[in-house]
Amino acid sequence: MEFVAGKNSSALIRKVAKELDLTEEEVVQKGITFMKLYAGLQKSKRGRILLEADGKTQEIIV
């Protein structure tokens, strides 16, 4: 299956790729991997995704 991003999505993917020093394909692949993990946690109701930075922890809600 091939994915074609819209104009705004393509620009956002390029921006994120530049910020993270990744290719656009890597950004999309990592985003899909993250959403797969999140979907599994939502389905099982057995976990949360947390973001930790500078000693602070926040739950990620998609």
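1. Asp 21 sits in the loop between α1 and α2 (24-44), where helices are DSSP runs of H or I with at least four residues, strands are runs of E with at least two, and both are numbered from the N terminus. Just after α1, Asp 21 takes a positive phi of about 55°, although Asp 21 is not a glycine. As background, most residues other than glycine have a negative phi. At 69% relative accessibility, Asp 21 counts as exposed; here exposed means over 50% relative accessible area, buried under 20%, and partly exposed in between, with a 1.4 Å probe and protein chains only.

2. A word on the source before going on. This is a predicted model, in which local features need pLDDT of at least 70 and side-chain atom pairs count only at pLDDT 80 or more, while totals for chains, interfaces and linings use all residues. Residues are numbered from 1 along each chain as its sequence is written, and side-chain values use heavy atoms, with hydrogens and water left out.

3. A second residue to look at is Asp 54, which belongs to the loop between β1 (50-53) and β2 (56-59). Asp 54 is not a glycine, yet its phi is positive, near 55°. With a relative accessible area of 78%, Asp 54 is exposed.

4. Now the overall layout. The protein chain holds two helices and two strands, and from the N terminus on they run α-α-β-β. The radius of gyration is 14 Å, well over the 11 Å that the globule rule gives for 62 residues, so the protein chain is more spread out than a compact globule. That radius is taken over C-alpha atoms, and the globule rule is 2.2 Å times the number of residues to the power 0.38. Along its principal axes, the C-alpha trace spans about 35 × 35 × 15 Å.

5. How much of the protein chain counts as buried? Of its 62 residues, the share is 10%. The accessible surface comes to about 5,800 Å², and carbon and sulfur atoms hold 55% of it; these areas come from the Shrake-Rupley method with a 1.4 Å probe, and for residues only the protein chains shown count as cover. Among contacts with a separation of 6 or more, 12% join residues 24 or more positions apart, a contact being heavy atoms within 4.5 Å.

6. On charge, the protein chain carries 11 positive and 9 negative side chains, and the centres of the two sets lie 8 Å apart. Lys and Arg count as positive and Asp and Glu as negative, with His and the chain ends not counted. Each charge is placed at NZ of Lys, CZ of Arg, CG of Asp or CD of Glu.

7. Glu 19 lies in α1 (residues 7-20) and is exposed, with a relative accessible area of 58%. Ala 11 is also placed in helix α1, and is partly exposed at 36%.

8. Ala 11 and Glu 24 are 13 residues apart along the chain, and 10.0 Å separates their C-alpha atoms. For Glu 19 and Gly 55, 36 residues apart along the chain, the C-alpha separation is 22 Å.

9. Which residues does Leu 50 touch, leaving aside neighbours within four places in sequence? Its contacts are Thr 57, Gln 58 and Glu 59. Leu 50 lies in strand β1 and counts as partly exposed, at 44% relative accessibility. From Leu 50 to Gln 29, 21 residues apart in sequence, the C-alpha distance is 20 Å.
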